[in-house]
Amino acid sequence: EVKATPDHVRRTLFCANPAVFGLICKMDGQAVGFAVYFFNYSTWQGQHGLYLEDLYITPDARVHGAGKALLQRLAQYFDHLVLDLGADTPLPVMAEVLPQADQIWLVCDQSVASVVWSAELLQQLQAIGIAQERIALIVNRHDSRLELAAAHIAAQLQLPLLAPIPE
């Protein structure tokens, strides 16, 4: 449920000292997309980063490189951009964004449903031209006591196991 109002967004995003920032993508003078992001800091790596909270491109603009343009603009800030596309990201958005990625990490948990969903996603990615060799697996909320081990999931999905993240 969306709770933010236009006035609230105006006050928090377009204020004197914002904690979050936004980019608007225009084509022919019309807004066709936006990116909302904020800066963060990794204590593990000891470096600053950028977290992309939202990336939206209107369906008509997705085939014209609007998403790519926004990502290229954000990439000017840092060497690495991490996008959490989520399970409900439209395939056309993935088709525009993922070819630009240096690395693609698929995050899956140990549930059978997550493995099945991941296998279906891999088929969709292959259909849009994303080579499976570019994808590595992270098993999230890994519990070594369960029979479905991270190595078994990686073998089932035919992906290299980048890392299991413990529960």
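Here is a short chat about the predicted model shown above.

Biologist: Hi! What does the chain contain in terms of helices and strands?
Modeller: This predicted model has 5 helices and 6 strands. Starting at the N terminus, the elements run α-β-β-β-α-α-β-α-β-α-β.

Biologist: And what box do the C-alpha atoms fill?
Modeller: Roughly 50 × 35 × 35 Å, taken along the principal axes.

Biologist: How much of the chain is buried?
Modeller: Buried residues account for 29% of the 167 residues. As for contacts with a separation of 6 or more, 55% come from residues 24 or more positions apart.

Biologist: Let's look at helix H2. Which of its residues are buried?
Modeller: H2 spans residues 66–75, and Ala 66, Gly 67, Leu 70, Leu 71 and Leu 74 are buried there. They lie on the same side of H2, because the arc they cover around the axis is only 135°.

Biologist: Nice. What covers those buried residues of H2?
Modeller: The cover includes strands S1 (21–27), S2 (30–42) and S3 (47–57), along with helix H3 (91–97).

Biologist: Switching to the surface: which residues form a nonpolar patch?
Modeller: Ile 24, Phe 34 and Tyr 56 do, with about 280 Å² of accessible area together.

Biologist: Where is Phe 34, and how exposed is it?
Modeller: Phe 34 sits in strand S2. Its relative accessible area is 32%, so Phe 34 counts as partly exposed.

Note on methods:
Residues numbered from 1 in each chain as written. Predicted model: local features only at pLDDT ≥ 70, side-chain atom pairs only at ≥ 80, totals over all residues. Heavy atoms only, no water. Buried < 20%, exposed > 50% of the residue type's maximum accessible area, 1.4 Å probe, protein only. Helix = DSSP H or I, 4+ residues; strand = E, 2+ residues; numbered from the N terminus. Arc of directions from axis to C-beta. Contact = heavy atoms within 4.5 Å. Patch = residues over 30% accessible without salt bridge, like charges linked within 9 Å, V, L, I, M, F, W, Y side chains within 5 Å. Areas by Shrake-Rupley, 256 points an atom, 1.4 Å probe, with all protein chains shown as cover. Salt bridge = Lys/Arg side-chain N within 4 Å of Asp/Glu carboxyl O.
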